Amino acid sequence: MILQPGVIALLLASLGTTGLLLYAAGIGIQILRGWDVTSSNEQQLMLERKTALVSSIIAILLGFQIATLALFIYTADALHPLFTGSMCAVGTLNVNPFGYPTLLAKLACTVISGIWLILNRADNRSSSSPLTRTRFLWLLALAPLATFESVALVTFFMKLKPNVITSCCGSLFDGGQATLSSVLAGLTPLPTALVFYITAIATLISSLYTWRTGRGSRILAVGSVATFITGIAALIAFFCLYYYEIPTHHCPFCLLQPEYGRIGFLLYGLLIAGVITGCGSGALERHKTKPGLTRVIPPLQRRLAIFAAVSFTIYLTLVTYQAAVSSFKSG
Amino acid sequence: MIELIDVTKTFNRGAANEYRAVRGITLELAAGESLIIKGPSGSGKTTLLSMIGCMNRPTSGRIRLTGETIAGLVDTDASGFVEVTSLPERFLTAIRRRMFGFVFQQFNLIRGITALENVMQPAYPVGIPRRQIQHDAAELLASLGVGHRQTALVEHLSGGEQQRVAIARALINKPSVLIADEPTAHLDTVLSREFMEIAAQLKKMGTTLIIASHDPLVYESDLADRTIVVRDGVLVTTDTEL
Amino acid sequence: MTPALDRQRNILDFTLSSLLRRRGKLLSLVFIYSTVVFVLASIMFFTHALRREAQILLADAPELVVQRMVGGRHDPIPLEYAVAISEIRGVSGVQPRFWGYYYDADLGANYTLQAVSDNSLQTGNIAIGAGLAQLRGLGNGDAFSLWGSDGQPRTFTVSRVFSPASDLLTTDLIMTTEGDLRELFNFSKGTATDLSVAVRNPREVQTVAERIVELFPDCRPITREDIQRTYTAVFDWRSGILLVTASMAIWAFVIFSWDRASGISASERQEIGILKSTGWATEDILLLKLWEGIIVSLTSFLLGLIGAYIHIFFFSAPLFTSVLKGWATLYPSFRLTPFIDYYQVAILFVLSVFPFLLATIVPSWRAAIIDPDNAMRGGA
Ligand SMILES: Nc1ncnc2c1ncn2[C@@H]1O[C@H](COP(=O)(O)OP(=O)(O)OP(=O)(O)O)[C@@H](O)[C@H]1O
Ligand SMILES: [Mg+2]
């Protein structure tokens, strides 16, 4: 266990949010059990009021998740000198098998709480609250995920022992064990970039279609997940070379450092915003025809679609621009 | 524009201190009409007003509203009515904000802020630019004859002035219905008369009035299109001596 | 502006005015809260600055130091080892070092005595750290006596005082010539305290270290990286322990006072009842409360942060030098180089603002669900 201030802050934030989320899940169970829109009694009124509490909790949770996502990576980076062979956050996260799962769980929590808030927004617009059950079922899925994230985080830090020899971004490319990041870094740059361009452009077309017509949200959701994944893969395998201007450096995290203008925040932020809005639009599709939502969901979906389109377009433009103007030439 | 069908309100239902404050009231009110509700203390007037004004929901029965103010807010049925009985609270609030203005028995002004800010306060969550609200509020205060007291803290105002501020506040969101609960209870005869004059003016401008009172000055005035009597939560048609 | 923005602005305005109306409560809350931030930030800035000083210092340290271990303890190392080590491939030079600790019984302080490796001092002369000079009232040309290991005092002349601003580790330092040090400590001939090894290619340090252990199993090579790591760990650990204890104590206090002070007052209850009866929704009150929390925490956060910055970097941490630097009587009085990075601020933010926001969600909600028809019956 390493008692570094960043570690303490992360543990505190994670346990706090998970505690609160479990509390919210408890309320969720009450709501799933007792919810009855047709009733106007005190009990139903209290449940309605509790949904407002849960929305606040999830909104705060989303904020915290985004903040601690960044803090987690920075802390991993700050700890890297403790581990032989580690040069940045990648090395620290590789020290034990809980590093990356924590990161992925945080990411998943962020995306799901974002989608939850979208469902919430749609539901609040409708007087019959037809999405209440759906929302609280999602909440019950989010709670174990957040718990997993906390457990993984605690375990990760508990098991961090200084002096462990680890592999870092410099050596990832050499192959060796097939960790997630080494696989990503090991992808051949050009084809990966090509796959990304195709996916992203297809998603853009799909989002514009949804924006114009209000249809095709499911395809948009799939597309935005694909764009998110290929976007990260292409960033690590291809575009980052143009930021670092070093042929073998495939680090996903160094982009967050001041040396590179912390451009990573913007790039990852855009991808996350795109995937949340794209998936949010898709998640609403099933409920489009429910009474009370027919006039609420389509405009919301169209707004989400254009938001996703804008996010992905900015991302696409930024990385393409960098590849075009950088003095570095691959191959 | 307002319909109550067999409305009841039971407090603390199921508990030992269960109390049925309103028992099966049916009532209909047209736009522009003015209604005075009479009844002894504890008869359920305030409870009835708060249900009409969407402050809380009846235990059983139905309350239906219509009007252009609420048409865009909630889905209406074929006849243009909205059944508010089982609406979620956030919709009740939205309807209340657009459709009703309240003048409370105690004036319920926020102490420590000026008369003007008190009048502005209900408009804040609506999403109107602050300057516009300020302008409207100042105009309302001036039209009620307390324009010169705008910047005074409400606790420094006299009872009559406080009530005018309370009326201005009730009107800031341009409601179509003004609900007043015992508006003259804390006023002397002169001030009560002045209140009745203001009410008459509002009526002339087309505002629907619902006033609960057991002050003869109010229910014997010619303001009322209709007077009803409530006793023990029940509507009694015959107006016997209180 | 859009209606949504106008709503935010109006509610924010109202929040500010209602906070100012309850100035007393606001001030006491901000005071407690910024004290919490102040303490946490002071601890972090201080340990972080110390760690940076140490790192800067270590940048000049030898890449590899070889110590001989006997019975698990550090023992003088024979000079023949130096010859053998200098022949290892990749080693560009080996320098024997002579140093030791000296306990000053009068002051109860420990000095570090070290021999210069060049000819910058003459026999009988010493150079001393600023802390020591100040404590003993010494200046250039003054005489200073040290007791030798044979029990006899020896008098030296101070020929130089290190500048006060130089750094953390020279404060208790006395530099002498090699001969004087040997004589004083009665070091046996043909040994040194340890060896400093220069390696041509920094990447080979590890290989050289392994080779040394192969040749001399009784030796322990310490790389600069090792030391850096230890320092990092020690500083992290110290600040970590402090932060944990401090934040636990502080937050216990805060929760206590929160319970006392912020259980929403009757007048506030009534005010919220009025707001709700005049058309504010639960969500609007929640927004009001959120703004309130943001205003209170950002104000306190900034105040605490600025306070800690002044405390540490302008006044050199008077409040807890003894706690943190506690390992020596003679602690440096130098000013720490002002230094803040976003990472530190982000950690502080998470440590102080997150708990506050988490703790206020449920109370805010309780306030927000006050029944609107309370106001119909004359308030709460
Ligand atoms: N929240 C509540 N819980 C329990 N009983 C309540 C509650 N609110 C009101 N009551 C009861 O309901 C009855 C009707 O109250 P209400 O305030 O409507 O009477 P009213 O006609 O307005 O009287 P007044 O003329 O004195 O204002 C009273 O007996 C009161 O005690
Ligand atoms: Mg009453």
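The accessible surface of chain B in this predicted model is about 9900 Å², and carbon and sulfur atoms account for 49% of that area. Areas follow the Shrake-Rupley method with a 1.4 Å probe, and for residues only the protein chains shown count as cover. Of the 242 residues of chain B, 56% are buried, meaning under 20% relative accessible area with a 1.4 Å probe, protein chains only.

The model is predicted: local features need pLDDT of at least 70, side-chain atom pairs need 80 or more, and totals for chains, interfaces and linings use all residues. Residues are numbered from 1 along each chain as its sequence is written, chains are lettered from A and ligands numbered from 1 in the order in which they are written, and side-chain values use heavy atoms, without hydrogens and water.

| Property of chain B | Value |
|---|---|
| C-alpha box along the principal axes | roughly 50 × 45 × 40 Å |
| Share of contacts (residues at least 6 apart in sequence) joining residues at least 24 apart | 69% |
| Centres of the 25 positive and 27 negative side chains | 5 Å apart |

Contact means heavy atoms within 4.5 Å. Lys and Arg are the positive residues and Asp and Glu the negative ones, with His and the chain ends not counted; charges are placed at NZ of Lys, CZ of Arg, CG of Asp or CD of Glu.

A:F253 touches, beyond residues up to four places away in sequence, A:I73, A:A89, A:V90, A:L93, A:Y100, A:L103 and A:Y244.

How values were computed
Buried means under 20% relative accessible area, exposed over 50%, partly exposed in between (1.4 Å probe, protein chains only).
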